[in-house]
Amino acid sequence: MEENKKTCLYDKHVALGAKMSPFGGFIMPIEYEGIVEEHNAVRTACGVFDVSHMGEVSVTGPDAERFVNHIFTNDVTGAAAGKCFYGMMLHPDGGTVDDLLVYKRGDSDFLLVINASNIAKDLDWICRHVSGFDVTVDDRSDVLGELAVQGPASESVMTEVLGIDCASLEFYTFKTITVEGEDIIVSRTGYTGEDGFEIYASHGLICKMWDRLMASDRVKPCGLGCRDTLRFEVGLPLYGDELADDISPIEAGLGIFVKLDKPEFVGKEAVETLKRDGVIRKLVGIEVLDRAIPRHGYEVLDSDDNVVGTVTTGYHAVSVDKSLAMALVRSDCAALGTPLKVRIRRKTFPAVVVKKKFYRKNYKN
């Protein structure tokens, strides 16, 4: 079995006493002070995440825009440089290869940010589709690190602690700036439901920025534990839970990021069929009417105790103090207000279908 990798900040996490665990092929910090404390820090102030495990793939060349549009469900044509796009790469049958962010640096220059657990799979899939396109695909995953600075105080932290003015950045945009003689990318997207920024830079510069942030009493280091609870509360998917090779973005309720008015993209015909004929299961929010906590893989039942789906993610949500889940359930059980049950440790607990955005987002518009 291949050994788990370490990010450039591994030693710094260990020195801070982080609880470390394998995730996506890397040894990553799960928590430092505690998941609840770190969760609340992001909701109320500012938290910093090491997300250097994410993959970065550069696509350049005369056909770069046409190629990215061919493999990506969203539409990057006509947009100005500096725009970020969220979307998916699909199998021909409509299942999801991965969900990703695309950074448009120019018509012939794109950066694809992919999930750590899918780097090898995604690269293989991307390279299998380059025939007929004049592009160069370059895996930058091992040379770039990434920090996520998240929370309502993140803009002022970026300015006052790192000296990076982000006030002009709109949501889902980025800019390239020079820091210590190095060109870096700073974007404003986020995966927490709060305002936030991402920094892509060399390992050395990421380490320096981490040290500056850790020296400030305005931020807390945050692990992947609270990153999951934060994204869950605002209904954002995690690949492997809400999206997978056998889960389409239409089933996951992400059809807004699949642009069927584009001339073509891999998986378009399958998605058109799903939109036309309807899907047999849908991703929904569920509130468990008890303190019991649903977990990934737990069965969801209808009122007659028939299994109608499974939980994809579940927590006792920190910000709203409720036992909640996202679940893939049979479409006839997906309407808001539908009474359901969740089987938790051999017992069933009453539940109801609710909106899967459990917490109000505070992104900058």
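Let's start at one residue: A244 counts as buried because its relative accessibility is 14%, where buried means under 20% relative accessible area, exposed over 50% and partly exposed in between (1.4 Å probe, protein chains only). This is a predicted model, so local features need pLDDT of at least 70 and side-chain atom pairs count only at pLDDT 80 or more, while totals for chains, interfaces and linings use all residues. Residues are numbered from 1 along each chain as its sequence is written, and side-chain values use heavy atoms, with hydrogens and water left out.

Back to A244, which sits in the loop between α7 and α8 (268–277). Setting aside neighbours within four places in sequence, A244 is in contact with G95, T96 and Y239; contact here means heavy atoms within 4.5 Å. G95 lies 149 residues away along the chain, yet the C-alpha atoms of A244 and G95 are separated by 6.8 Å.

Now zoom out. The protein chain has 8 helices and 20 strands, taken as DSSP runs numbered from the N terminus (helices are H or I, at least four residues; strands are E, at least two). Its radius of gyration is 21 Å, close to the 21 Å that the globule rule gives for 365 residues, so the chain is as compact as a globular protein of that length. That radius is taken over C-alpha atoms, and the rule is 2.2 Å times the number of residues to the power 0.38. Along the principal axes, the C-alpha atoms fill a box of roughly 65 × 50 × 45 Å. Buried residues make up 56% of the 365. Of the contacts with a separation of 6 or more, 67% involve residues 24 or more positions apart.

What about the inside? The largest nonpolar core has 38 residues, and F49, Y86, Y103 and V113 have the most contacts inside it. Such a core is a set of buried Ala, Val, Leu, Ile, Met, Phe, Trp, Tyr and Cys residues joined through side-chain atoms within 4.5 Å. At least two residues of this core come from each of β6 (83–90), β7 (96–106), β8 (109–114), α7 (224–233) and β18 (322–330). β6 gives the most, with 4 residues. Take V113: beyond its neighbours within four places in sequence, its contacts include M54, L100, Y103 and Y200. There is also a second, separate core of 29 residues, with L9, C46, C166 and V219 among them.
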